[in-house]
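Subject: Structure handover

Hello,

Here is the structure we discussed, with my notes below it. Please read the notes with the coordinates open.

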Protein chains: 2
Amino acid sequence: MAQEARRLADPTALIAALTALLGDNRVSTNPGILDRHGHDESYHPTHAPDVVVFPQSTEEVAQVMRLARRHAAPVIPFGVGTSLEGHVAALQGGVSVDLSGMNQIIEVNGDDLDVQVQAGVTRKQLNAHLRDAGLFFPIDPGADATIGGMTSTRASGTNAVRYGTMRENVLGLTVVLADGRVIKTGGRARKSAAGYDLTRLFVGSEGTLGVITEIRLRLYGIPEAIAAAVAPFPTIGEAVNTVIRIIQSGIPVARIELLDEVQMDAVNRYSQLDYPVAPTLFFEFHGSEAGVTEQSDAVKMIASDFGGTDFRWSTRAEERNKLWQARHDAYYAGINLRPGAKGWPTDVCVPISRLADCIVATKADIAASGLLAPIVGHVGDGNFHTNMIIDPANPAELAAAEAFNQRLVARALEMGGTCTGEHGIGYGKIAFLEQEHGAEAVQLMRLLKQSIDPDNRLNPGKIFRN
Amino acid sequence: MAQEARRLADPTALIAALTALLGDNRVSTNPGILDRHGHDESYHPTHAPDVVVFPQSTEEVAQVMRLARRHAAPVIPFGVGTSLEGHVAALQGGVSVDLSGMNQIIEVNGDDLDVQVQAGVTRKQLNAHLRDAGLFFPIDPGADATIGGMTSTRASGTNAVRYGTMRENVLGLTVVLADGRVIKTGGRARKSAAGYDLTRLFVGSEGTLGVITEIRLRLYGIPEAIAAAVAPFPTIGEAVNTVIRIIQSGIPVARIELLDEVQMDAVNRYSQLDYPVAPTLFFEFHGSEAGVTEQSDAVKMIASDFGGTDFRWSTRAEERNKLWQARHDAYYAGINLRPGAKGWPTDVCVPISRLADCIVATKADIAASGLLAPIVGHVGDGNFHTNMIIDPANPAELAAAEAFNQRLVARALEMGGTCTGEHGIGYGKIAFLEQEHGAEAVQLMRLLKQSIDPDNRLNPGKIFRN
């Protein structure tokens, strides 16, 4: 970027102006609040902002942006802080814009299967609101993230194999630009060929191009029938080969998740469960009664070819929720294996045909490196994580984890994959962006950033190094 | 744009340089060739380029771009010229880059359901190539367009209701930028959160940001079972309400097409068929045998509630192809109603709940305006066309058509829709872009254009007025 990293010499005047705008209760310099807004759920160290604001409308965000511009201050959007590559860290200080108070569900259109929400609405809040209307929003990254945060990181998670990611499910946005102008992108029509796809430009832009304040999403009817199952496999290779065959067969499974034996052990301990300690697939099927039966029969047939015969089924909502809660707690269950440790969750995605090669090689790498690193994955997409359970204060462990992560990304890229399937670049993966896309493509990304945010004040130091 | 419209004072030196690069056979100033490259299939008048080149590789396109830059010449990508809003017209002269010779299918990955093609491959060529592998590419705009052209206009067509549009089905691109640099976007992983979504920025950019030379596409397995049906309805409102109910029920129909009674009459005449002259829905169902039966039973039940009881079924491929050929020929069938006339095909898309209101009001408007304008639509998406059959040399007819088109777009926008579902902006719909997205969003689009193509040489005068 053109501009060097800088902190405000004295944020006092900015803080006074923000307080005049929002009042004492919605502007904070409390050290605990600043600290909370300086880090996410990963091992990345805290970089606290100078001030945190709590706007309640797009217009207030626009006014905050204009004040920040006048004071040359960085602006970092914040949802609930569940990101994993340091996205919310205020590397150069500035204003953390906490959108969690913007949690209104503005408009549900059941007839058109769409909804408009403010950025601070969380996915669980949204689904609780939709349930009585027989509707749901499928994107489920595990954490109860905000829709704004999920949009900014192009989140996906367990249901993406059937319903796509945020890329496919965001219909339009309201965005506050660096100078305080407000734009609306997209619309309510299911498709459009009218001009550049600004919506997709902002989806996954990690707060570096504007602050997303409202999102219009696609919804789905709650399926007539849902069934879930858990099945252990003799080896991780056989589990993954089952997934590959299912995907190649075009069976529209709603979820296919892999947990390796280390992760299953952790889940059993954390959630008081008694699953076999073996590489395990978690499935969910959505459709009509007949469709779900057909899908699950086809999956059972494929799994049995790879030694997966012990299916445990759940058709009751309560049982299913327990099963998926165990899956969602996998990250915390992993960290819980070693008290006081932090998680470094990696995140690669490869073409489905290479997934078994990639995971088997990664397991061998984990064994050779001596790391404690359970594997979990949204394997239907070719996406998996190893969660390295480390003491970030131990330089040798950090170095081993970093070297492992580099080898993992190199392996994924060599197989035609990506350095991040869903967590994003943040400031943890900047080095890999050019390896993946090439210098010319990253130059073009930088050009877009420089054009839209010429002063480099929007989440500086993320996606690109300064 | 910063730059005024301009033609090369003397293209001789540029033509000589292009000929030195590509040889006599792949550089043309033949008046017939120039004329052919100055217009598409619609009523828009011809604007011939100064020269047409026929490159065979990305590197040749890059060299053409560098020469064009040195000579300050506009560059207009050209596939097979089936666009409908004047996209290929050389409004300021310059070099038409005909990519139809770049028709290699580079790599089919059956195991990952993806394919890489050069931009000049047509959709029929691709599907003929894929058939023996049991695969297909679903996006089908009717015309046998090139994949490059379809990418550039964010095409969709009959299968989009089930499989999405080019937006959802392009995995990555090779693009030559205005200065001759080559970038690669996207990748083979099914999802990625690595940086800005350059792929989606170029999809639908109509040649204004770069020349797309290679495209990686998502593929699908040919379904186990396919069934198609045609059903007439008492009124167009009942036909459309059937569609609305089907979509709201989440039935995964592969195609739902509407043809009004005027269009059915045209199709019968053009394709020697004997369908009832009534508002008619064309359906196609994809899935397992049981799934297709389930879908078609559900559809028949809904249709019967709206007086659609006379389903004519085709399960044999040959019959189905005949049926869809008749649908695809609808545009030509319409023009054929009035020898010597041209078609002005409109293209709006509204939220599905408003589709019946929009189509019924549009039928009334057609009746009041005295235009001959059959209606056809990809109604499952909320997208429909009226094809105004006019004599473009008759100013009164042109004025009536233009006024009708403006009312149609206003009606769609008022209902939360878009001014173009799939044809794009070209230079026929520039006036509507700002009406739809607002001045601020269009300013941002212009900023992107100016940053990426600062001399405004890439398809100038499209999407934005100079």
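In chain B, strand S8 (residues 170-176) is mostly covered, with 7 of its 7 residues buried. Bear in mind throughout that this is a predicted model.

S8(B) has two antiparallel partners to look at. With strand S10 (residues 211-218) of chain B, S8(B) pairs in the antiparallel sense over 6 bridges. With strand S9 (residues 182-186) of chain B, S8(B) is joined by 5 bridges, and the two again run antiparallel.

**A mixed sheet in chain B**

Chain B also has an open sheet of 4 strands in the order S1-S2-S4-S3, with mixed pairing. Strand S1 (27-28) and strand S3 (75-78) of chain B stand at the edges; each has a single partner strand, so one side of each is left without a neighbour in the sheet. The partner of S3(B) is strand S4 (residues 95-98) of chain B, and these two pair in the parallel sense over 4 bridges. Within that pairing, B:Val75 has B:Val95 of S4(B) as its bridge partner.

**The two chains**

How are the copies related? Chain B superposes on chain A by a rotation of 180 degrees with 0.0 Å of shift along the axis, at an RMSD of 0.0 Å. That is the relation of a two-fold axis. As for the contact between them, 100% of the interface residues of chain B are also interface residues in chain A, so the copies meet through the same surface.

**An annotated span**

UniProt, in an unreviewed entry, lists residues 45-222 of chain A as "domain: FAD-binding PCMH-type". In the model, the end C-alpha atoms of residues 45-222 of chain A lie 40 Å apart, and the span is 22% helix and 25% strand.

**Aromatic residues**

Over all chains, the count comes to 24 aromatic pairs. One of them is A:Tyr43 with A:Trp344, which is stacked at 4.0 Å centre to centre with 10 degrees between the planes. This pair links distant parts of the chain, since A:Tyr43 is in the loop between helix H2 (31-36) and strand S2 (51-53) of chain A, while A:Trp344 is in strand S16 (residues 342-345) of chain A, 301 residues apart. Both A:Tyr43 and A:Trp344 are buried.

A second stacked pair is B:Phe311 with B:Trp313, at 5.7 Å centre to centre and 20 degrees between the planes. Its members fall in separate burial classes: B:Phe311 counts as buried at 13% relative accessibility, whereas B:Trp313 counts as partly exposed at 30%. In chain A, A:Phe311 and A:Trp313 form one aromatic cluster with A:Phe283 and A:Phe285.

There is also an arginine over a ring. A:Arg255 lies over the face of A:Trp324, at 4.3 Å from the ring centre. In chain B, the charged end of B:Arg255 sits over the ring of B:Trp324, 4.3 Å from its centre.

**Around A:Val230**

A:Val230 is in strand S12 (residues 225-232) of chain A. Is A:Val230 buried or exposed? At 4% relative accessibility, A:Val230 counts as buried. Leaving out residues up to four places away in sequence, A:Val230 touches A:Tyr275, A:Thr280, A:Leu281, A:Phe282, A:Asp310, A:Phe311, A:Arg312 and A:Leu323. A:Leu323 is 93 residues from A:Val230 along the chain, and their C-alpha atoms are separated by 8.5 Å.

Two residues are worth a look here. A:Leu113 has a phi near 55 degrees, a positive value in a residue other than glycine. A:Leu113 is in the loop between strand S5 (105-109) and strand S6 (114-118) of chain A, and at 13% relative accessibility A:Leu113 counts as buried.

B:Asn459, also not a glycine, has a positive phi of about 45 degrees. B:Asn459 is found in the segment after helix H17 (439-452) of chain B and is buried, with a relative accessible area of 2%.

Regards

Conventions. Residues are numbered from 1 along each chain as its sequence is written. Chains are lettered from A and ligands numbered from 1 in the order in which they are written. This is a predicted model: local features need pLDDT of at least 70, side-chain atom pairs count only at pLDDT 80 or more; totals for chains, interfaces and linings use all residues. Side-chain values use heavy atoms; hydrogens and water are left out. UniProt positions are given in the numbering used here, feature names are shortened, and annotations may be inferred rather than shown by experiment. Copies are superposed by least squares on the C-alpha atoms of residues with pLDDT of at least 70 in both. Contact means heavy atoms within 4.5 Å. Rings of Phe, Tyr and Trp (its six-membered ring) pair if their centres lie within 6.5 Å; planes under 30 degrees apart count as stacked, over 60 as edge-to-face and the rest as tilted. Buried means under 20% relative accessible area, exposed over 50%, partly exposed in between (1.4 Å probe, protein chains only). A charge sits over a ring if NZ of Lys or CZ of Arg is within 6 Å of the ring centre and within 35 degrees of the ring normal. Two strands pair if DSSP finds at least two bridges between them.
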